[in-house]
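Please read it with the structure open.

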Amino acid sequence: MSSPLWPYVTPGIPDDLFERLPGIPMSQREVRLLLVSHLRLCSDSILWDIGAGTGTIPVEAGLLCPKGRIVAIERDEEVASLIRRNCDRFGVKNVEIVEGSAPECLANIQHRPNRVCLEGGRSIKTILKAAWEHLDLQGRVVVTASSLEGLYAASESFSELQVRNIEVVQSAMNRLEKRGMNQTFASVDPIFVLSGEKLE
């Protein structure tokens, strides 16, 4: 699937092409590329993006999985509308937006996932455990952590759930930015990306 706004087959849509709302988190392009690579999407993947925020992952995944289904889960009505607008901007039609709080709303989702993306959050252990119960065998889970507490909670959850083939990567990237008359490198906030598979 391609979009007039992003007519390429590669992921990595520039951040400024997305509509944003003040205070609503957005996965920066470099982090998004890491997440997408660890999800190992197929053309027919069914992805749950829990806490979808601005909707960057649903848009990228929707374009990469033309035969798939992307479920963007977001508890805030205004943010859910933002995801909808960003999907419309890129002509993405295979994203379903679920307005509700995880983990409570997960049981009501019709499409069972073979990929789950969970970006941080205070209830990471509870949400990850609930999502894991719905995840198909051979499915993959990708979790991000931006704090020591989040990293510990995600690591502990992976151990308790017996996630297999675990990979952990920490991003360390810089962007060239113009500041006044000079160009300087500005760091992208570092983040841990944990991924693994459900094999039993």
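The points below cover aromatic pairs and a helix contact.

1. This is a predicted model. Please keep that in mind for each value below.

2. The structure holds two aromatic pairs. In one, Trp6 meets Tyr8, with ring centres 4.7 Å apart. Their planes stand at 75°, so this pair is edge-to-face; the cut-off for that class is over 60 degrees.

3. The two partners sit in unlike surroundings by accessibility class. Trp6 is buried, at 12% relative accessible area. Tyr8 is partly exposed, at 47%.

4. The other pair is Phe18 with Phe90. Ring centres lie 5.1 Å apart. The planes make an angle of 40°, so the pair counts as tilted. Both Phe18 and Phe90 are buried.

5. Where do Phe18 and Phe90 lie? Phe18 is in the segment before α1 (29–39). Phe90 is in the loop between α3 (77–89) and β3 (95–99). The pair therefore ties together parts 72 residues apart in sequence.

6. Now the helices. The axes of α1 and α2 (residues 56–64) come within 11 Å and cross at roughly 50°. That angle makes α1 oblique to α2. The crossing of α1 past α2 is right-handed.

7. Which residues make the contact of α1 with α2? From α1 come Arg32, Leu35 and Val36. From α2 come Thr56, Ile57, Glu60 and Leu64. By class, the contact has four nonpolar residues, one polar and two charged.

How values were computed: Residues numbered from 1 in each chain as written. Predicted model: local features only at pLDDT ≥ 70, side-chain atom pairs only at ≥ 80, totals over all residues. Heavy atoms only, no water. Phe/Tyr/Trp six-rings, centres within 6.5 Å; stacked < 30°, edge-to-face > 60°. Buried < 20%, exposed > 50% of the residue type's maximum accessible area, 1.4 Å probe, protein only. Helix = DSSP H or I, 4+ residues; strand = E, 2+ residues; numbered from the N terminus. Axes fitted to C-alpha atoms, helices over the stretch in contact; angles between N-to-C directions. Parallel < 35°, antiparallel > 145°, perpendicular 65-115°, else oblique. Left-handed = near helix turned anticlockwise from the far one by under 90°. Contact = heavy atoms within 4.5 Å. Nonpolar A, V, L, I, M, F, W, Y, C, P; charged D, E, K, R; others polar.
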